[in-house]
Amino acid sequence: WRRRGALGERDETGNLKVHAILRQRMIALVCVGESRQVLDGGGASSYLSEQVAAALDGVEHPEDVLLAYEPIWAIGAAGRPATTDQVRKALEPVRDEWSGRIRGLLYGGSVNRDNAADLLGVEGLDGLFVGRAAWNPSGYLELLAIVAERQAA
């Protein structure tokens, strides 16, 4: 979503990219997320729903699309991790609309070993979209162990 701010990309551009990827028989990974202003204004859910609808407009095979919720305020070194309640509330309408139709719904945004297990417990979330926490082998292996432990429970 940094491309939106830095390069002025719009929803229509994202939709064209999704269609181009799917024409090549690849899986499209669509990242959506709101700014801190949208979150503080209480509009995260509707904002995300609109982003997803725009990205998937005209898509005949949404089962070839992965959605990743990455709130802008939660990504990067200065990001603040979202709480499980924030993730659940923001994704509820997206999950209700698209669950079972898309390949999966992921969460990314300051995912780390301290919050990964809790995030994996959010209803309707199929996995995590991890950045810095998996940049080195030990971080990656720690997260894999958390996932394995969560699945075994």
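**Figure 1. Leu105, a buried residue of strand β3.** With a relative accessibility of 5%, Leu105 counts as buried in this predicted model, and its place in the fold is strand β3. The C-alpha atom of Leu105 is separated by 17 Å from that of Asp57, a residue 48 positions apart from Leu105 along the chain.

**Figure 2. Arg95 and its contacts.** Arg95, which lies in helix α5, has a relative accessibility of 13% and therefore counts as buried, the limit being under 20%. When neighbours within four places in sequence are left aside, the residues in contact with Arg95 are Leu105, Glu123 and Gly124.

**Figure 3. The largest nonpolar core.** This core has 33 residues, and those with the most contacts inside it are Val18, Leu56, Val65, Leu67, Tyr69, Val87 and Tyr107. At least two residues of the core are supplied by each of the helices α2 (11–23), α4 (44–55), α5 (84–98), α6 (116–120) and α7 (137–152), and likewise by each of the strands β1 (28–32), β2 (65–69) and β3 (104–107). Helix α5 gives the most to this core, with 5 residues.

**Figure 4. Val18 within the core.** Val18 is one of the residues with the most contacts inside the largest nonpolar core. Not counting residues up to four places away in sequence, Val18 touches Ala28, Val30, Ala55, Leu56, Val59 and Val65.

**Figure 5. A nonpolar patch on the surface.** Tyr140, Leu141 and Leu144 make a nonpolar surface patch of about 310 Å². Leu141, placed in helix α7, has a relative accessibility of 54% and so counts as exposed, for which the limit is over 50%.

**Figure 6. The setting of the close-up views in the whole protein.** The protein has 7 helices and 4 strands, and from the N terminus on its elements run α-α-β-α-α-β-α-β-α-β-α. Its radius of gyration is 15 Å, close to the 15 Å that the globule rule gives for 153 residues, so the protein is as compact as a globular protein of that length. The C-alpha trace spans about 40 × 35 × 30 Å along its principal axes. Of the 153 residues, 35% are buried, while the protein exposes about 8900 Å², of which carbon and sulfur atoms supply 51%. Among contacts with a separation of 6 or more, 65% are between residues 24 or more positions apart.

Conventions. Residues numbered from 1 in each chain as written. Predicted model: local features only at pLDDT ≥ 70, side-chain atom pairs only at ≥ 80, totals over all residues. Heavy atoms only, no water. Core = buried A, V, L, I, M, F, W, Y, C linked by side-chain atoms within 4.5 Å. Buried < 20%, exposed > 50% of the residue type's maximum accessible area, 1.4 Å probe, protein only. Contact = heavy atoms within 4.5 Å. Patch = residues over 30% accessible without salt bridge, like charges linked within 9 Å, V, L, I, M, F, W, Y side chains within 5 Å. Areas by Shrake-Rupley, 256 points an atom, 1.4 Å probe, with all protein chains shown as cover. Salt bridge = Lys/Arg side-chain N within 4 Å of Asp/Glu carboxyl O. Rg over C-alpha atoms; globule rule 2.2 N^0.38 Å.
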